[in-house]
Amino acid sequence: MYVGPGDVLHLIRSGRARTRGDIQEETGMSRMTVAQRVDALLRAELIREAGSARPSGGRRPTDLAFNLQHSCTLSASVETRSSRVALCDLGGEILVDEHLDIAVQEGPEKVLNAITAAGQRLLKRAKVPMAKISGVGLSIPGPVDPHTLRPSQPPILPGWDAYPIVEFIQESFPVPVLVENDADAMAVGEYSAGFAGVSSLCLVKASTGIGTGLVIDGRVYQGVDGGAGDIGHVRHPAFAGLVCQCGSLGCLAAGASGGAVARQMTDLGIPAESGRDVRKHLLAGNVDTMRLTHEAGQRLGEVMATVVCLLNPAVLLIAGDLASSSLIGGIRETLYPMSLPRATRHLDVRLASLGEDAAIRGMSSLLVNEVFSPAAVNARLG
């Protein structure tokens, strides 16, 4: 089997090989062929020699490492009322970023124009030339067709359905472009930052809507049409009379999302319009907000019990505007009693740790995995 420079880079990036000797042992290639592959990667500045850290009975072998400064990624996370654009190194570290106060209701062209303009400003701020951008990633709060990378009937994105996001962005940035659901991107970000190697991770984002991102064996699980994890539109009997933004009756999001909690707060005379407002009141310790969020968590836990019994994940992370001790307490109250003990025996339920960085870092990681995949690097370097 042919082992090209891209395959060698994959061994180095995955940690399976740190030296030329490791590569030879992993692949069975001759010393000369290994040297040729490594030299090709060094010339392309995809790897660097990182010194010698391990003794080998004499001269120490030189360690090889993925060159995180080879280029940058440009990532954007689109929320219902705002967006964020960031320039990252290839390790996902955010170098510079910019927040944009623009709502998705203004339509895809206005939002994407604002994002591409912000991206160009970030390049100037960081003094990074366009040639050093390896790709652009965008996460959106709605389903994405995995075949076309276009929004797929997103309930809270009016005017975005099937919009050609990739083609639009490539008019300003002629590089590979990825589009991903926000919960999936956040799950990848959390996985890359603290759970690499975990067999299965499930992230629930409870904000204006409710969505779930799934990472199984290191890969996002999207489903055949990109609809996997869309639990916000599972029917819940407690909300049978409520109309959801998708137009259906009784969806979980209609009664347990940040938007739903905000409406309940307004009924109590507490000013709130969105999940972001709910979060402000949670941080301020408002008792009614904490109670309503706890109740939303109970309903969310009832739905998540089915997810946990079906997937038996190792980690369940709670993220989004409602992520709090109130929400996670409510989830635990119903999740555990309604799940099989075998499904929760080793389940680690906790709050996500990256906050608003999760989707940015997730998109950067997805881009790096695609742009520097073995096939892509072999095609570039022969």
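A: Buried means under 20% relative accessible area. Please keep in mind that this is a predicted model.

Q: Which residues of α6 are buried?
A: In α6, the buried residues are D182, A183, D184, A185, M186, A187, V188, G189, E190, Y191 and F195. That is 11 of the 14 residues, so α6 is largely enclosed by the rest of the structure.

Q: What span should α6 have at 1.5 Å a residue?
A: The 14 residues of α6, 182-195, should span 20 Å, and the end C-alpha atoms are 18 Å apart, which agrees.

Q: Which residue caps the N-terminal end of α6?
A: N181 does: one of its side-chain oxygens lies 3.0 Å from the backbone nitrogen of A183. Just after the helix, G197 takes a positive phi of about 100°.

Q: Moving to α10, how many residues does it have?
A: Helix α10 covers residues 287-311, which makes 25 residues. From first C-alpha to last it reaches 34 Å, close to the expected 36 Å.

Q: And where does α10 bend?
A: The bend is at V303 and amounts to about 30°.

Q: What is found at the start of α10?
A: There, a side-chain oxygen of N286 comes to within 3.2 Å of the backbone nitrogen of D288. Just after α10, N312 has a positive phi of about 50°.

Q: At what angle do α10 and α11 pack?
A: The angle is about 35°, and the axes of α10 and α11 (residues 325-338) are 6 Å apart. The contact of α10 with α11 has 10 nonpolar, 9 polar and 3 charged residues.

Q: Is that crossing left-handed or right-handed?
A: α10 passes α11 in a right-handed crossing.

Q: Now the loops. Where does L46 lie?
A: L46 is in the loop between α3 (31-43) and β1 (47-49). Its relative accessible area is 3%, which is under the 20% cut-off, so L46 counts as buried.

Q: How many residues apart in sequence are L46 and H70?
A: They are 24 residues apart in sequence, with their C-alpha atoms 6.1 Å apart in space.

Q: What about G223: where is its place?
A: G223 sits in the loop between β10 (219-220) and α7 (252-256). With a relative accessible area of 22%, G223 is partly exposed. G223 and D145 are 78 residues apart in sequence, and 9.4 Å separates their C-alpha atoms.

Note on methods
Residues numbered from 1 in each chain as written. Predicted model: local features only at pLDDT ≥ 70, side-chain atom pairs only at ≥ 80, totals over all residues. Heavy atoms only, no water. Helix = DSSP H or I, 4+ residues; strand = E, 2+ residues; numbered from the N terminus. Expected span 1.5 Å × (residues − 1). Bend = angle between axes of the 7 residues up to and from the residue. Polar contact = N/O pair within 3.5 Å; in protein donor to acceptor, adjacent residues only side chain to side chain. Axes fitted to C-alpha atoms, helices over the stretch in contact; angles between N-to-C directions. Left-handed = near helix turned anticlockwise from the far one by under 90°. Nonpolar A, V, L, I, M, F, W, Y, C, P; charged D, E, K, R; others polar. Buried < 20%, exposed > 50% of the residue type's maximum accessible area, 1.4 Å probe, protein only.
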